[in-house]
Amino acid sequence: MISISNLNYIILRLGVLFLILIGIFVFVTLSIVIFAKKFNCEEKLFNGRVFSFLGKRKDFKQGIKPSITDGALIYTISLIALIYIGSVMQLYWGTFGLIATEVMIFLIPMLYAIYIKADIKNTFSLRLPRYILGGFIVWFGGYFIINITTRILISLFPEGADVLEAVNSSVMMDSFFASLIVVALIPAICEEILFRGFLLGAFKGESKKSKIWAVVMVGILFGIMHLNFIRIVPTAILGILFAYCALATKSVWTSVFMHFLNNGFSVCALYITQKYLRIAIDTNVTYTMPPISSILVTVLIGVGFIYL
């Protein structure tokens, strides 16, 4: 039997959750509108409708393209689900909770796309890429950039080093292959389906400017969803590179490959360092980064490969 006080508490929490949901949705939508106006592509903002799911499903046209507001809605739902459902599952279920969280992130845009009768292949850019080497080189150059950015942020906010150390520790499991699957493979597929699949497909228009702001916006939202100040900027940069390569190759599998490379490299480095070299992780260690000029050249070479 639920007491009146407990019922009032539940209602209060639900009310707060609803306000947070509305607040995040308004923030995301306004951000999208501002970006659209900045790049003079507001005429394509809503594709003639607000939400694709409104109305009777039998009246939906087959192969519909999700609108920008569909993207804002799905991102808001995914973010709320990550905070309030994913965190609970990970707290109580550990590794299985982490897997369940990623599957949830995958299912939210996929089920929505199926419901509105979207063209799944085009919406999520599921075609196979012709070239994937360019994605590797862009990731390689971007990896140095995000490391430099992370070091700068840590020098400005030293307390962030503890967060990175906790993140590094959390990715390690007893089995190397289990770590590779849970930390690299599953997030690469599930998160890319949401960001470089559904969101990029919903945000981009036909004009070059609309594609630019779509790439930037998807990258920023990707960074925000990692829910940590130190990681937002580096992850956003990585997200922009992922989105650019997915757009350039017209395939989400390019960004899946890059995402897997990024997470998989971290798993390999940590596993070798801790299991074989038996060196404790120290986030305060400094090292010499390559010159900025060489980093930019590496990224430009990757861009060249993408357009070959």
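Which pattern does the chain follow when read along the sequence? With that settled, which residues lie nearest the centre of the second largest pocket, and how do the lining residues divide into nonpolar, polar and charged?

A: The pattern of this predicted model is α-α-α-α-α-α-α-α-α-α-α, from 11 helices and 0 strands. Helices (H or I, at least four residues) and strands (E, at least two) are DSSP runs, numbered from the N terminus. Residues count from 1 along each chain as its sequence is written, and because the model is predicted, local features need pLDDT of at least 70 and side-chain atom pairs pLDDT 80 or more, whereas totals for chains, interfaces and linings use all residues. Side-chain values use heavy atoms, without hydrogens and water. Of the 308 residues in the chain, 44% are buried (under 20% relative accessible area; exposed is over 50%, partly exposed in between; 1.4 Å probe, protein chains only).

The second largest pocket has a volume of about 630 Å³. Its lining holds 25 residues, and Lys204, Gly205, Lys211, Leu247 and Lys250 lie nearest the centre. Two or more lining residues come from each of helix H4 (120-123), helix H7 (176-203), helix H8 (208-224) and helix H9 (229-249). A pocket is an open set of points on a 1 Å grid over the protein atoms alone, where a 1.4 Å probe fits and protein lies on both sides within 12 Å along at least five of seven lines; lining residues have an atom within 4 Å of a point. The volume is the space filled by probe spheres set on the points, joined across faces, edges and corners.

By class, the lining of this pocket has 10 nonpolar, 6 polar and 9 charged residues (nonpolar: Ala, Val, Leu, Ile, Met, Phe, Trp, Tyr, Cys, Pro; charged: Asp, Glu, Lys, Arg; polar: the others, Gly among them).

Lys250, one of the residues nearest the pocket centre, sits in the loop between H9 and helix H10 (252-276). Lys250 is not a glycine, yet its phi is positive, about 60°. With a relative accessible area of 53%, Lys250 is exposed.

Another lysine with positive phi is Lys117, near 65°. Lys117 is in the loop between helix H3 (95-115) and H4. Lys117 counts as buried, at 16% relative accessibility.

Two of the helices that line the pocket, H7 and H9, also take part in helix packing. H9 packs with helix H5 (residues 133-156) at an angle of about 165°, with the axes 9 Å apart. Axes are lines fitted to C-alpha atoms over the stretch in contact, and angles run from 0 to 180 degrees between N-to-C directions. H5 and H9 are therefore roughly antiparallel (over 145 degrees; under 35 is roughly parallel, 65 to 115 roughly perpendicular, the rest oblique). Their crossing is right-handed, the near helix being turned clockwise from the far one by less than a right angle, and anticlockwise if left-handed.

Leu238 belongs to H9 and is buried, at 6% relative accessibility. Its C-alpha lies 6.7 Å from that of Gly142, 96 residues away in sequence.

H7 crosses helix H2 (residues 68-93) at roughly 150°, and their axes come within 7 Å. That makes H2 roughly antiparallel to H7, and the crossing is left-handed.
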